[in-house]
Amino acid sequence: MIEIGITGKPNVGKSSFFNAATLSKAEVASYPFTTIDSNRGVAYVTSQCPCKEFNIKCNPKNSICEDGVRFIPVELIDVAGLVPGAHEGRGLGNKFLDDLRQASVFLHVVDASGSTDEEGRPVEPGSYDPIKDVEFLEKEILMWLYGIIGKNWDRLIRKATSEKIDMAKVIYEQLSGVGVSVEDVIEASRKVGKDYHSWSNEDLLVFVDELLKIAKPSLIVANKADMASARENIERLKEKYPNVVPTSAEAELALKRAAKAGLIDYTPGDGDFKILDEGKLTKKQLSALEYIRENVLKVYGSTGIQEALNRAVFDLLDMIVVYPVEDEHKLSDKEGNILPDAFLIPRGSKPRDLAYLIHTEIGDSFMHAIDARKKMRIASDYKLQDRDIITIICK
Ligand SMILES: Nc1nc2c(ncn2[C@@H]2O[C@H](COP(=O)(O)OP(=O)(O)OP(=O)(O)O)[C@@H](O)[C@H]2O)c(=O)[nH]1
């Protein structure tokens with residue numbers, strides 16, 4: 001499963017984001033517990049399910065379908081402990097490093113309302129600049145990765161020379177477990193444009209910075225967007241950084257809890273909700289819901305939580321959704337479950353890649369694939385498209 005790391009200094013709303021994103025009405029059978037570990041949980045990205053287009057009722061197994069919206073599980077990791085100076089050893093434990101290593105994309109949560117100082121202590125709203133938070137988070141992640149390569153640089157160079165191995169491969173091996181490919185290393189080294197042997201410390205930093213952008217991209221989550229002091233900061237963040245999503249984790253939590261209690265009708269990602277029975281709500285609950293509608297949903301279009309997850313997976317990681325089916329006529333598996341599985345796969349993947357993603361055996365015995373929409377055999381170099389429905393034919 002794709003792993004998404006949530007980072008940020010204390011008190012910006014990481015736990016609230018984590019709780020809001022992992023609280024769901026229904027849970028996928030294979031992941032009965034939304035909380036896997038103390039800091040790991042299952043959240044969902046959303047995509048239009050083909051069931052509406054075919055006007056059929058689907059029977060999802062590895063995901064959930066709610067009113068034509070497919071919710072596909074991803075894993076969220078709350079990476080607590082990233083404070084300024086963390087890379088120098090402040091608060092760095094093995095678990096923390098493992099979390100950083102495993103995440104394929106980061107959600108950097110910042111307090112857009114500017115009501116917490118650099119250590120996360122409460123200050124007058126608007127008095128702290130959240131751009132400083134982005135800068136420190138980027139620096140900490142950069143220094144973490146730099147630490148893995150930089151402190152061993154001379155040894156790595158010697159190894160490549162004496163064993164006559166390509167330096168890209170040596171760097172890749174040094175980064176094993178970090179989720180970086182040899183191709184990523186080669187692509188990032190182009191940014192420096194010199195032979196590895198002549199790299200200075202600055203060149204190495206340029207390389208690591210580029211490698212992070214390619215292999216461990218990050219999205220800025222501008223949280224506490226519901227507060228008045230957040231508006232101007234969000235504009236400034238958006239001017240400076242390309243990937244910023246305003247969020248209100250607290251609003252999402254309130255809406256999801258109300259939906260779970262049957263008080264409102266709300267689908268995550270929606271720009272509004274419907275009150276089901278006004279009589280069941282207290283005055284306080286009603287005014288809280290009204291506040292969310294006026295100050296979050298009408299201003300930003302949604303609470304931003306779903307958008308942040310979707311953008312991390314579909315834009316930053318450039319994933320698409322593909323539906324494998326065994327019967328291309330019924331769009332079902334052997335048991336007759338219609339559109340049972342939705343798989344997240346990198347854009348550009350071929351049918352054989354999908355076969356391997358389903359199961360190694362299916363990959364090994366792959367013969368060809370059928371586009372179930374067109375009922376036509378597809379070429380082995382066909383690039384899978386978002387929302388393709390594919391039947392894999394094995395030997
Ligand atoms: N106004 C507002 N407050 C929020 C929002 N999200 C979180 N908060 C508040 O911010 C405070 C910190 O939230 P947490 O979710 O505990 O923050 P954290 O980043 O996990 O903090 P640590 O556990 O200390 O690292 C709490 O008082 C939350 O109620 C939000 O979207 N809007």
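Where pLDDT is low, the predicted coordinates should not be read in detail. This is a predicted model, in which local features need pLDDT of at least 70 and side-chain atom pairs count only at pLDDT 80 or more, while totals for chains, interfaces and linings use all residues. Numbering starts from 1 along each chain as its sequence is written.

**Confidence**

- The average pLDDT of the protein is 91, and 94% of the residues score at least 70.
- For the complex, the predictor gives an ipTM of 0.98 and a pTM of 0.92.

**Ligand shell**

- There are 17 residues around the ligand, and Pro10, Gly13, Lys14, Ser15 and Ser16 come nearest; a residue is near a molecule or strand if its C-beta atom, placed from the backbone, lies within 6 Å of it.
- The most is given by α1, with three residues.
- By class, the shell has five nonpolar, eight polar and four charged residues. Ala, Val, Leu, Ile, Met, Phe, Trp, Tyr, Cys and Pro count as nonpolar, Asp, Glu, Lys and Arg as charged, and the others, Gly among them, as polar.

**Helix α8**

- Helix α8 covers residues 201-215, 15 residues in total, and reaches 21 Å from its first C-alpha to its last. That is close to the 21 Å expected at 1.5 Å a residue, where the expected span is 1.5 Å times one less than the number of residues.
- Phe207, Val208, Leu211, Leu212 and Ala215 are buried in α8. A residue is buried if 20 or more other C-beta atoms lie within 10 Å of its own, exposed if 12 or fewer, and partly exposed in between, with C-beta atoms placed from the backbone.
- Seen down the axis of α8, these buried residues fall within an arc of 135°, so they line one face of the helix; the arc is that of the directions from the helix axis to the C-beta atoms.
- An α-helix has 3.6 residues a turn, so residues three or four places apart point the same way.
- The buried residues of α8 pack against α4 (130-150) and α7 (182-190).

**Positive phi**

- Most residues other than glycine have a negative phi, and most peptide bonds are trans.
- Lys164 has a positive phi, near 50°, and is placed in the loop between α5 (153-162) and α6 (167-174). Lys164 is exposed, with 7 other C-beta atoms within 10 Å.
- Leu339 also has a positive phi, about 45°, although it is not a glycine. Leu339 is in the loop between β11 (319-324) and β12 (343-346) and is buried, with 27 other C-beta atoms within 10 Å.

**Other loop positions**

- Lys374 is in the loop between β13 (366-371) and β14 (376-378), and is exposed with 10 other C-beta atoms within 10 Å. Lys374 and Arg40 are 334 residues apart in sequence and 40 Å apart in space, C-alpha to C-alpha.
- Gly262 is in the loop between α10 and β9 (264-265), and counts as exposed with 11 C-beta neighbours inside 10 Å. From Gly262 to Val12 the C-alpha separation is 29 Å, over 250 residues in sequence.

**Leu354 in α13**

- Leu354 lies in helix α13 (residues 351-358) and counts as buried, with 22 C-beta neighbours inside 10 Å.
- Not counting residues up to four places away in sequence, Leu354 touches Val322, Pro324, Phe343, Ile345, Ser349, Leu384, Ile390 and Ile392.
- Leu354 and Phe366 are 12 residues apart along the chain, with their C-alpha atoms separated by 9.9 Å.

Methods:
Helices (H or I, at least four residues) and strands (E, at least two) are DSSP runs, numbered from the N terminus. Two residues are in contact if their C-beta atoms, placed from the backbone, lie within 7 Å. pLDDT is the predictor's confidence in each residue, from 0 to 100.
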